Amino acid sequence: AWTPTTKDRVFGDAAVKVLVRAPQNVIIYPQQLLGRKFGDSHVAEAVSSHLPFTVTEDTVRGSYLINVNGPAGDAATLTPEEAMGMLLRYFKRLAESEKATATGVSTVVRDIVVTVPSYLTYHERLALIDAAALADFHVISTLNAPTAFAITYAFERVENETKRVAIVDIGASGMEIAWTTVSGDIDPKTNRSTTTVTVNGLTWEPTVGGRDFISRLAEFMMEKVKADKSDRKLWYRALAEAEKVMEALSVNKDKRFKVVSPERDYEGTISREEFELLIKDILARIEKPITKGLDDLEWASIDSVQIVGGATRIPCVQTTILAAFSGKATDLSRHISGDEGGVYGAGYYAATSSSSHRSAKKLIVKDSTPFAISAKALGTETKLFKAMSRIGSKKTLTLGTASDLDVSLFYTDGAPR
């Protein structure tokens, strides 16, 4: 964000403060535009509901441009990669500063592993890698976020055993589940501890996230002052208040709230039961990815269901998750930090992927690709990999032609193309 008075560029909590005063100066969730074609329905919904900036078409690439009030107070136009690159460069400065403070040695952070939603397409991942390059990062790998959580769980809680573990992650912007088998044992040849994480399936529901619950509560508040989302300053004030109220309702039966608008102020109380009625339709969407995973894998039982993400602190969300497992899991566990678990998992993965670092434990990750992939050549379409194929799998396709050959690769079976 750019502050409306000094025009300084700020990040994090400082940017949130600008959001409620001058939303037109703020960029949030730029990753939602990465790799998306102009006219994408998901982006259109995001712009209308929670993104403070406007978008126009990048006619050269057929993607999006972000329009925001820039450092001089004038209109500025950025690509999603440029906006994301600014954020990543800020992270880079933080990491290098923390490392220097802890060790007293100046360090340049360059090689990174980036955790991403498992349902991100190849184009979205490439756009994120381009954004990282603008921040002077070299991306070793993109790692599915629930897989990173599974790595952390396996490293820290599995020794000399094998478990079936479902990682249910409901963060700010969506719900993902990694259906994993994790094991820990000792390699008899090297006497080295080995951790193996096998991702048997991935399911998701992008329309269930903390942001969706908060938005529903903010809409309720806006109705009380007879306003709508077109008043962007008021809308972001309502969102900030709704987030505080939702957090309080996770531990209290009711919570007072206040909304201040130019026409009228409103102060009232909402109970946990009223909140649950407001989000009833969102809760219903939690069941689908759980049921799909259970049906696809046909697991009779699950050793552990690990819940991560801020939205899983909501009591009715926990109740809905457990009920959807239909007795195949008896309880939910929170052994992984939603704030740190993904970072640790990516760190473990980066350490074992680096030729210059030898981890005390050996890590083997057998991840899966979420979408089916097909090829088209000489007018014939051939499915190469089905959904949930092991990442790293190879297939040879032999074609014969006397002229130039064009081959196109694309997602199939309902996946985005």
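How many bridges join strand β7 to β8? There are 13, and the two strands run antiparallel. This is a predicted model, so some limits apply: local features need pLDDT of at least 70, side-chain atom pairs count only at pLDDT 80 or more, and totals for chains, interfaces and linings use all residues. Residues are numbered from 1 along each chain as its sequence is written, and side-chain values use heavy atoms, with hydrogens and water left out.

**Strand β8 and its partners**
- Strands (E, at least two residues) and helices (H or I, at least four) are DSSP runs, numbered from the N terminus.
- Two strands pair if DSSP finds at least two bridges between them.
- β7 spans residues 175-187, and its M175 has E205 of β8 as bridge partner.
- Four residues separate β7 and β8 in a hairpin. In the turn, N191 has a positive phi of about 60 degrees.
- β8 also joins β12 (residues 362-366) through five bridges, and these strands run parallel. T196 is bridged to I364 in β12.
- Twelve of the 14 residues of β8 (192-205) are buried. Buried means under 20% relative accessible area, exposed over 50%, partly exposed in between (1.4 Å probe, protein chains only).

**Q32 in a loop**
- Q32 sits in the loop between α1 (13-19) and α2 (41-49).
- Its relative accessible area is 18%, so Q32 is buried.
- Beyond neighbours within four places in sequence, Q32 contacts residues including V43, H50, S173 and R211. Contact means heavy atoms within 4.5 Å.

**T320 in a helix**
- T320 belongs to helix α11 (residues 315-324).
- Not counting residues up to four places away in sequence, T320 touches L283 and I286.
- T320 and Q24 lie 37 Å apart in space, C-alpha to C-alpha, and 296 residues apart in sequence.
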